[in-house]
Amino acid sequence: MPSLSSPPRVDTILDPGASHPRRFPASPLSDVRAHRIPNCSSDASPADRDPAFFRADALAVCRALLPSWSGVSDARLEPIAGGITNALHKVTPETAVYREGGPEPVVLRVFGRGTERFLNRETETAALAELNAFGFGAACLGVFNNGRLEAFLADARPVTIEEMATPSVARAVAQTLRRLHACDVRARRGVVASKNASASASASASASASA
């Protein structure tokens, strides 16, 4: 099993429906785990939602979690289509000059409201960290209470139907899937084990009641 490193965390909630501005620290954070960004308002109606406030909140999270973003004063958000249980945005720093090691675009993943009732997001993030260590998935760059920052795969694109029909591409996909399924993802195994334990406990309770 490759060595794992925990992504930095910040204690805040991002809400695309935030309707009031707040001030955020302008200096880099020495320890993002100890910092708390005020929660966004969640009681705004859709008509009251101003994208500028969500952009400010997203920028604050990027600056808190990503050292290279500490000097970024503005960012551009672009929705990414295809999310089923998440709201996805590409966040691009508005910097005039690119410098090596400087801020790069990232993906902001905000979990859908109520999805925690059927998705264990802690287990999901832990599994992603393990898959990253095996070389799979976009790197998890940081975590906040209801979402994650992930690397933006600028050079990636979906495989086309025509390409899938090409033997060399199909073979490469099959080999990659074989590697993926061979990964021992302990986070996932823990979820399965807990479900099995619950089922066993229920079965034992039923047997005791009928005895």
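## Helix H2: length and ends

In this predicted model, helix H2 comprises the 13 residues 121-133.

The N-terminal end of H2 is capped by Asn-120. A side-chain oxygen of Asn-120 lies 3.1 Å from the backbone nitrogen of Glu-122. Beyond the other end, just after H2, Gly-135 adopts a positive phi of about 95°.

Six names make up the buried set of H2: Arg-121, Thr-123, Thr-125, Ala-127, Leu-128 and Glu-130. The set includes the charged residues Arg-121 and Glu-130. In an α-helix there are 3.6 residues a turn, so residues three or four places apart point the same way.

Arg-121, buried within H2, also takes part in a contact with an aromatic ring: its charged end sits over the ring of Phe-111, at 4.1 Å from the ring centre. As for pairs between aromatic rings, a search of the whole structure returns 0.

## Overall architecture

The protein contains 5 helices and 6 strands. Along the sequence, these elements follow the order β-α-β-β-β-α-β-β-α-α-α.

Among contacts with a separation of 6 or more, 61% join residues 24 or more positions apart. Of the 211 residues, 30% count as buried.

Technical notes: Residues numbered from 1 in each chain as written. Predicted model: local features only at pLDDT ≥ 70, side-chain atom pairs only at ≥ 80, totals over all residues. Heavy atoms only, no water. Phe/Tyr/Trp six-rings, centres within 6.5 Å; stacked < 30°, edge-to-face > 60°. Lys NZ or Arg CZ within 6 Å of the ring centre and 35° of its normal. Helix = DSSP H or I, 4+ residues; strand = E, 2+ residues; numbered from the N terminus. Expected span 1.5 Å × (residues − 1). Buried < 20%, exposed > 50% of the residue type's maximum accessible area, 1.4 Å probe, protein only. Polar contact = N/O pair within 3.5 Å; in protein donor to acceptor, adjacent residues only side chain to side chain. Contact = heavy atoms within 4.5 Å.
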